[in-house]
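Colleague: I would like to learn how to read a model with two chains, one feature at a time. Could you guide me through it?

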2 protein chains.
Amino acid sequence: MTSPRHVRRTPAGAAAAQAIPVPVLRRMPGYLQALRQFRTEGLEWVSCTRLAGRLGLDPALARKDFTALDITGKPKTGFPVTGLIRAIESCLGWDNVRDAFLVGAGSLGRALLGYRGFREHGLNIVAAFDTDPGKIGSSLHGTQVLPLSKLAGLARRMRVAIGIIATPAAAAQEVADLMVAGGLRAIWNFAPTSLSIPPEVLVENEDLSRTLAVLSQRLQARRALELEENG
Amino acid sequence: MTSPRHVRRTPAGAAAAQAIPVPVLRRMPGYLQALRQFRTEGLEWVSCTRLAGRLGLDPALARKDFTALDITGKPKTGFPVTGLIRAIESCLGWDNVRDAFLVGAGSLGRALLGYRGFREHGLNIVAAFDTDPGKIGSSLHGTQVLPLSKLAGLARRMRVAIGIIATPAAAAQEVADLMVAGGLRAIWNFAPTSLSIPPEVLVENEDLSRTLAVLSQRLQARRALELEENG
């Protein structure tokens, strides 16, 4: 409180953080996976060319993406593998594990609870919620299913930050309202519907149709090209 | 065969198709959903400003995205709602339904089979495959589960174009090899691993960690900002 404003240290990456575009962020997990492989293979330094090569990306793109991070490469040598891993994890906040609640213990919810990769991405699902009395009280992949009515109170008490919605579309808005009431800061929505959420709560929709759009347009374009060539 | 090359009609959108960037394609399903809502509300024409407004996007971005489509807007009036819907569906190939095979009848596979939205996105899952004798012969959401050993033969006979991998990471490459052997043209991979696939087969990885990267970095950046303001 007594330190003058210009001396206060900005949390790592925070200044650049706000401005990182979505496509750059979406490439970061891929870089991370490749870097962890390189580390396993015993590599200490990696060039953007080699890293991008493994991922089938343009090295210039990787080089540009890394300007968003709190790390600077060496000309001709590249980046220290461990340092680059840490810089990406710190940028994404994956160096700290955050607690999350999941709502909807149907097959999607079960699939998400069974996914082991979340923890190394900083996400720890501490409880699941449902309205179905047949599911409440059961345990899915080691996570207890609690009645939805308890969500808001528990979220406040446990200071849970992230909510995951894996319900049918019709139930999603009501669940989102409970999450907002419980003070959650971010919602990861798997229900195929758009939610109305106050601006202080972050939302990311996991919309499978977006990937399907890329796949089916590419397939369509390739077939059109073949027709052209063989027509 | 006899028509001279310059007269041959290019299939709709094929020329532009190859060049459409991934972020543009990923926004198309959102436009489509909003346009269908507008159509339900009785709207016949829509401006980019109004359409983008509903999606929280920049109107200039929407205007630029639509240059990839085989449709031209009218100044001050915008686009015909139905025409724009058709142009997007045609660009994505969603005006034709394509058959798909799904492999992996675990909770993720079940969740995907239960998702009703795929059909309106041009995808029809005609069969599921697994190696577990306890699952083979059963029916999930109306789709039969067959032994994995039948995949390649059936794919050739039924001329199935798309394969969906919903297996654990360790099984994914073997499944992908069977899909390639069966002549599938595109693979939608939900297993958290990267596949080695010949270049003539398209692959899109559905990697949840990519969305999680966006959500957690945004959350981290927002908290850093709050610390700054309250520090």
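Modeller: Chain A is divided into domain 1 (14-92) and domain 2 (98-209), with bounds that come from an automatic or database domain assignment. The C-alpha centres of these two domains of chain A lie 31 Å apart. This is a predicted model, in which local features need pLDDT of at least 70 and side-chain atom pairs count only at pLDDT 80 or more, while totals for chains, interfaces and linings use all residues. Residues are numbered from 1 along each chain as its sequence is written, chains are lettered from A and ligands numbered from 1 in the order in which they are written, and side-chain values use heavy atoms, leaving out hydrogens and water.

Colleague: Which rotation and shift superpose chain A on chain B?

Modeller: In general, two copies of a chain are related by a rotation about an axis and a shift along it. Here a rotation of 180° with 0.0 Å of shift along its axis superposes chain A on chain B, with an RMSD of 0.0 Å, by least squares on the C-alpha atoms of residues with pLDDT of at least 70 in both. That is the relation of a two-fold axis.

Colleague: Which residue of chain A comes closest to the rotation axis?

Modeller: Ser107(A) does, with its C-alpha at 2.6 Å.

Colleague: At what angle do helix 2 of chain A and helix 9 of chain B cross?

Modeller: Two packed helices are described by the angle between their axes and the distance between the axes. The axes of helix 2 (residues 22-40) of chain A and helix 9 (residues 208-230) of chain B cross at roughly 120° and come within 8 Å.

Note on methods. Axes fitted to C-alpha atoms, helices over the stretch in contact; angles between N-to-C directions. Helix = DSSP H or I, 4+ residues; strand = E, 2+ residues; numbered from the N terminus.
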